[in-house]
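Q: I would like to learn how to read a few features of a structure. Can we begin with the exposure of a single residue?

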Amino acid sequence: MGLPNASEDLSSEMEVDAFRRLFPLRYFERHLAESIRPDARPLSRARDTTISMGAVASADGSALAKIGSTTMLAAIKMEVMTPSLESPDEGCVSIDFHMPPICSPLVRPGRPAEAAPVVAKQLSDTISSSGMINLKELSLVGGKAAWMVYLDIYCLDADGALFDAALLSAVAAFSNLQIPTVSLDDGKIVMLPEEQKEENSEKEPVNKEKRKLTLGGIPFSLTCILHKNYILADPTSEEESIMETLVTVVLDSSNQLVSLYKPGGAVLAYTSAVQDCIALTRQRVKELHQILEEAISGMEID
Amino acid sequence: MEFVSPEGLRLDGRRPTEMRQLRAEIGNVAKADGSAVFEMGNTKVIAAVYGPREVQNKSQQMSDQALVRCEYSMANFSTGDRMRKPKGDRRSTEISLVIRQTMEACILTHLMPRSQIDIFVQVLQADGGTRSACINAATLALQDAGIPMRDIVTSCSAGYLNSTPLLDLNYVEDSAGGPDVTVDKVIYVDFALNGRVKASVLWDLWLYFGSYGLKET
């Protein structure tokens, strides 16, 4: 499309939306030069984040997390299973991430989105390595019965920073989890419905006290985009598609690094850039921790 | 099992002609051209519409009307026991077809030739009547997207248990094994009917109750 001058001339005559579609990189760079982004955020600020617990009544634990427009619904279902021979007193956690076609015009039915398995694997690895869940707590009867925790996360709207929103919803769902009561019935574990509290003479619940999981170091994350020497925190999907170098940093609540993920990209990051990303994440962890605490205490009041 | 008590109350305390609480919201999915969330009691469904847009599979393009596609899927956690295969099974394919045919009849497809309209419906919580909730949500989403339609489509289910016609079945009543019917009605024009009908003698009764429910919707 010609010389750099051509777009400069056109830009004074063209409509803003047309310029945004035809020369997206220049559009963004014009904003970045003024240290601001098209949605009027400063470069280091994340979008408004909200968490709402108990979004799915039929699940054992659930949460809906929104970062800007990106919406993730996480729900946990628990089932009893026989533990494996190598770890007879441990339960198991299975994490599944789905991107149904409603979330984005780019996802086609019949063909799973490219980002879905990547985010699913990242989530699995992050949650197991952060030590948030102690698998031994999921054991019911050593060697015979343990809990299988199925965590399903559905993306209802994909507008950038998918991993951050998914991790936040997963963590919130675990905080909201109420383990169902079970009892031993002739050597078999039987799930007790909530109402049967009076007729409990034979069916004493095996785990009446232990209804909530104790969560270890809770991981929080922030995704940043690197472009030339700018660092943009919490990108939207438009920003992600134009400037493709992403860095995701996961810290736990004691500010220890759980994971650092930079899958290639045109920009090679120097140590200073990585350190800046970690500093931004540290700030974000404080915000997210507070939002999560408020959501949890909001539920307890009810 | 008794579904209607001698006083005439159902398991959840409703009267036979009473519907569950309805709730609707539009514009939830920012990325979609139109979207809506529809709740009927505990059944919660989200629908998103993308279109009219370019046809993805050129061989299916029609030169005189728009192509309407629909996909119905249930979240793993939507039912009581976790579902293993949320889409691609026979029930989901059948419901996708039903929703597509219903909406195709109402959308003015001749106004948008060579284009495609995608309707995606995701069930978040299932407690009976998912088919109806999906059609209602899809209608709202299409309206939110500004797609020209003949009229609003509403849908409601009805059944027959313990010798009583019942409106808007929940999951327990639906699984009881009695006959049931889902009625979709376009106001003023026509209606599409789908369902298993066991006794033609009761046909009129169902139609009456189905229409009654639709007036409320």
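Q: This is a predicted model. Is Glu287(A) buried, partly exposed or exposed?
A: Exposure is read from relative accessible area: under 20% is buried and over 50% is exposed, with partly exposed in between. Glu287(A) has a relative accessible area of 39%, so Glu287(A) is partly exposed. Glu287(A) belongs to helix H7 of chain A, which covers residues 271–301.

Q: How far apart are Glu287(A) and Thr223(A) in sequence and in space?
A: Between Glu287(A) and Thr223(A) there is a separation of 64 residues in sequence, and their C-alpha atoms are 15 Å apart.

Q: Where is Asp17(A) found, and is Asp17(A) buried or exposed?
A: Asp17(A) sits in helix H2 of chain A, residues 16–22. The relative accessible area of Asp17(A) is 55%, so Asp17(A) is exposed.

Q: How many disulfides does a search of the whole structure find?
A: A disulfide calls for a pair of cysteine sulfur atoms within 2.5 Å. Over all chains, the search finds zero disulfides.

Q: What is the case for Cys156(B)?
A: Cys156(B) is in no disulfide either, and its nearest cysteine sulfur, in Cys134(B), is 14 Å away. Cys156(B) counts as buried because its relative accessibility is 0%.

Q: How is a pair of packed helices described?
A: Two numbers are used, the angle between the axes and the distance between the axes. In chain A, helix H4 (residues 115–130) packs on helix H5 (residues 162–176) with axes 10 Å apart and an angle of about 45°. H4(A) is therefore oblique to H5(A). The crossing of H4(A) over H5(A) is right-handed.

Q: Which residues make the contact of H4(A) with H5(A)?
A: H4(A) supplies Ala115(A), Val119(A), Gln122(A), Leu123(A), Thr126(A) and Ile127(A), while H5(A) supplies Leu162(A), Phe163(A), Ala166(A), Leu167(A) and Ala170(A). By class, this contact of H4(A) with H5(A) has nine nonpolar residues, two polar and no charged.

Q: What is the geometry of helices H1 and H2 in chain B?
A: Helix H1 (residues 90–106) and helix H2 (residues 130–145) of chain B cross at roughly 40°, and their axes come within 11 Å. H1(B) is therefore oblique to H2(B). H1(B) passes H2(B) with right-handed crossing geometry.

Q: How many helices and strands does chain B have?
A: Chain B has four helices and nine strands. Along the sequence, their order in chain B is β-β-β-β-α-β-α-β-β-α-β-β-α.

Q: What can be said of burial and of contacts in chain B?
A: Chain B has 217 residues, of which 54% count as buried. For contacts in chain B between residues at least 6 apart in sequence, 66% join residues at least 24 apart.

Key
Residues numbered from 1 in each chain as written. Chains lettered and ligands numbered in written order. Predicted model: local features only at pLDDT ≥ 70, side-chain atom pairs only at ≥ 80, totals over all residues. Heavy atoms only, no water. Buried < 20%, exposed > 50% of the residue type's maximum accessible area, 1.4 Å probe, protein only. Axes fitted to C-alpha atoms, helices over the stretch in contact; angles between N-to-C directions. Helix = DSSP H or I, 4+ residues; strand = E, 2+ residues; numbered from the N terminus. Parallel < 35°, antiparallel > 145°, perpendicular 65-115°, else oblique. Left-handed = near helix turned anticlockwise from the far one by under 90°. Contact = heavy atoms within 4.5 Å. Nonpolar A, V, L, I, M, F, W, Y, C, P; charged D, E, K, R; others polar.
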